[in-house]
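Welcome, and take a moment to look around before reading on.

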Amino acid sequence: MGICVMPDTLWIPYEYSKIGDSTIGAIATQFDCLFDQTSFNEHPRTKFIDELVARPKNYQHVLSLVFAVKEINENLEILPNISLGFHIYDSYLNARMTHHNTLKLLSTQEKTVPNFNCNDQMNLVAVIGGLDSEVSLQMSTVLSIYKIPQIAYCVFPPALNANTRLISLYRTIPNETFQYRGIVHLLLHFQWTWVGIIVADDDKGEQFARTLIPVLFQEGIFAAHIETMPPLSHVLEMTNPFEVILAKAVPLNNPRLQVYIVNADPQTTSCLKWLIYLGILHGVVLSSIGKVWVMTAHWDFSTQTVHRDFDIQIFHGALSFAIHSEPVLGFQKFLQTLHPDSPNGDGFIRIFWEQAFGCLLLGSKDSKENESICTGQEKLESLPGALFEMSMTGQSYGIYNAVYAVAHALHKRYTSRAKLRSLLDRSRLDPPIMQPWQLNAFLRRISFNNSAGDRVFLNENGELAAGFDIINWVTFPNQTFSRVKVGKMDPQVPRGREFTIHEGAITWHTIFNQVPPLAVCNDNCHPGFSKKMKEGELFCCYDCVPCPDGKISHRKDMGDCFQCPEDQYPSEGRNECLPKVYNFLSYSEPLGIMLAFFALSFSLITALVLGIFIRHQNTPIVKANNRDLTFTLLILLLLCFLTSLLFIGCPQTVTCYFRQTAFGIIFSMAVSCILAKTILVLLAFMATKPGTRMRKWVGKRLANSILLFCSSIPLIVCAVWLCTSPPFPDLDTHSLDKEIIVECNEGSAMIFYCVLGYLGFLASVSFTVAFLARKLPDSFNEAKFITFSMLVFCSVWLSFIPSYLSTKGKYMVAVEIFSILVSSAGLLGFIFLPKCYIIILSPKLNCKEQLIRKN
């Protein structure tokens, strides 16, 4: 490795200047070079170890400044009769050279003499630079002493409150806090929770990681791997540099780490490319490595000339944040006028031309074998995008806006100075000469529209009040690429809508088959499962367990399952809630139709029997045992059958009011009639005994009294029921899993069961009395038939209670209807069918003689 020694102490070989009334200084970063350590055994000299490593794309930064100055000088509306000049040096990404060249901007002699200005033509008003925060802060340590305005075009860590420490530092880039928030929004949008972070092995990288990792952690995102990239100079000083680089390349093959966040400052990206390049050469990194690279706003896809043959397909599909920019008219035409043989004071163009096109210009000091000769007719358009772009990059756009900011501030300053001069002319005093620090008052909160029509506004912190664009980088095999805007992070809009992303516009790396990759510790928990933390593992590593009964999860990676709303139930996969159907006994279903048919059939039969009895009301068998009670009982049985229809159909307020109350009252009256008939039979035979006083009890009065007394009790109970706690339509969403029971809530269950209990009591008494009178001698004795009918009645209602309590929904209603129909049919069949048989089929038995015949 050769050593090139420069002839003069700290001699600066590359600069670009143009004289003007006001001069804008700049520190560019086009070259990267290793400097030999200073030895104190000899006079200090600038020593480059080996040749300069150029970043041709950064030459556009210089050209954007020159183009902006050219536009302003040609614009009669800005700084009329005043010309802008510039003086540009390079930082070489070296602190010593950055400090030295910044001092050179403040000096005018061959030697650097701070605080002395011996050239009236050198009127420095502001300085633009540098490419990263480290270079900018190195410049500011000198410029801030004189309060000379400095406009940087790089991202600053949020922890550095540059506006408090350096009041003359401005930035044509938004605050990095918005970039952190944008990164988090981007990761959350794609549900990337297991990511890697690549930063420089210095204070900037440490600050980036220390700021970002807690923000990620709060959102459930874990940095699974943090890789630090050492400066190339430190690597070369190591004993085994290649082993160090290859060891850092191994994690790139980790299939679980699909997404890397890169703090894409020049040092980090340069080292990352070396790492990938050497990793592929030694087989440590697969040549088909597919990752999603999430780059910060430093990234502009520039590359060093030594990486000319580097396969940029590695970064196909990368996503990056970028300063918002607009196309600048005339810039491409300006670039096409460049020619290495007419530099016009440009000390950068020749080395740029040689390194970008890989050739040597005539008169070049370098002499390399097998190197072609530059003709000067090479076209910038033919260069790969990684080496040079014809359209203005985001960083160049920041420099372009910085020049215009200085120009507009100067314009305001000179305008106010002209007004002051007009006032001082009266007193024949000269206005004070403008000092650079006076420009600070005009730069802060400056606002203007640049030539691209974009509004530029520096807020009270000296930062650009704007957001970041999200760029998708699409590469092609011919080493070209295309940048596609797929989203933005705009802090100017209301919170919650600041982040937008057009997922369909993103081109992913070919290895992902146009499907967003997964970046999780383990596979996603699909809907129907929930996350269960693994004991002893990181918070983003978990098992997937099925949702318990009655709960669902409808999204991936849900922390817990949840209950469906009351009117819905979980699907079989427990991944969605399905609407419950209403459950009630309907006339449209077979069960409802069948029960309604039987109710109407029995009602028709009862009406037919009643008609027969009315037609033959004067016959002995009808007149026997109180004809009025017989007619009343038949009418009540008819109502009993019809009452069952109140239970069919969707419960309404009216039907709920009369459903159970009508059932209780009518059945109680029917059983009261039977009880009265049974007591009359018993008293009639007791009255035939000689000397008995029972005859006075036999008659209609006693029957009516029994009927009224026994019926009045349920009437009173039901009246109290309706007045205090009436039944009402209700929805039961809990008894059945997939159905909502539409039912009549009884209001007071105690009163309902009191009515049933009273009905059972009457039935028991009737059965007992009929059982005692079953052997009384008489051909028309109803006691036997009443006994059988009450036996059926009691059996039905005793079995009703457990059946009623063990069923739900419409089947509960069906049990009650069935009990009503069967018990009523039992009364009708056992009491009245034998009499109908005699009336219709055996009329000979329907005579008085038969009535008094004894066994």
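Is the crossing of α19 and α20 left-handed or right-handed? The crossing of these two helices is left-handed, a term used if the near helix is turned anticlockwise from the far one by less than a right angle, with right-handed used if clockwise.

A word on the ground rules: this is a predicted model, where local features need pLDDT of at least 70 and side-chain atom pairs count only at pLDDT 80 or more, while totals for chains, interfaces and linings use all residues. Residues are numbered from 1 along each chain as its sequence is written, and side-chain values use heavy atoms, with hydrogens and water left out.

**The whole chain**

The protein chain has 22 helices and 30 strands; helices (H or I, at least four residues) and strands (E, at least two) are DSSP runs, numbered from the N terminus. Of its 855 residues, 52% count as buried, where buried means under 20% relative accessible area, exposed over 50% and partly exposed in between (1.4 Å probe, protein chains only). Among contacts in the chain with a separation of 6 or more, 70% come from residues 24 or more positions apart. Contact here means heavy atoms within 4.5 Å.

**The pair α19 and α20**

Helix α19 (residues 749-772) packs against helix α20 (residues 783-806) at an angle of about 150°, and their axes are 8 Å apart. That angle makes α19 roughly antiparallel to α20. Axes are lines fitted to C-alpha atoms, for helices over the stretch in contact, and angles run from 0 to 180 degrees between N-to-C directions; under 35 degrees counts as roughly parallel, over 145 as roughly antiparallel, 65 to 115 as roughly perpendicular and the rest as oblique. Residues making the contact include Phe-752, Leu-756 and Ala-763 of α19, and Ile-786, Met-790 and Tyr-804 of α20. Phe-752, Leu-756 and Ala-763 are also among the buried residues of α19.

| Helix | Residues | First to last C-alpha | Expected span |
|---|---|---|---|
| α19 | 24 residues | 35 Å | 34 Å |
| α2 | 12 residues | 17 Å | 16 Å |

Asn-94 caps the N-terminal end of α2, with a side-chain oxygen 3.0 Å from the backbone nitrogen of Arg-96. Within α2, the buried residues include Met-97, His-100 and Leu-105.

Ser-136 sits in helix α3 (residues 133-146) and counts as buried because its relative accessibility is 0%. Leaving aside residues up to four places away in sequence, Ser-136 touches Gly-129, Gly-130, Gln-150, Ala-152, Cys-154 and Phe-156. Two of these names return in the backbone: a cis peptide bond joins Gly-129 and Gly-130, with omega about 5°. Gly-130 lies in the loop between β7 (124-128) and α3.

**A lysine in α21**

Lys-810 is found in helix α21 (residues 810-841). Its relative accessible area is 16%, so Lys-810 is buried. Lys-810 touches Asn-583, Phe-584, Leu-585 and Glu-589, not counting residues up to four places away in sequence.

Key:
Expected span 1.5 Å × (residues − 1). Polar contact = N/O pair within 3.5 Å; in protein donor to acceptor, adjacent residues only side chain to side chain.
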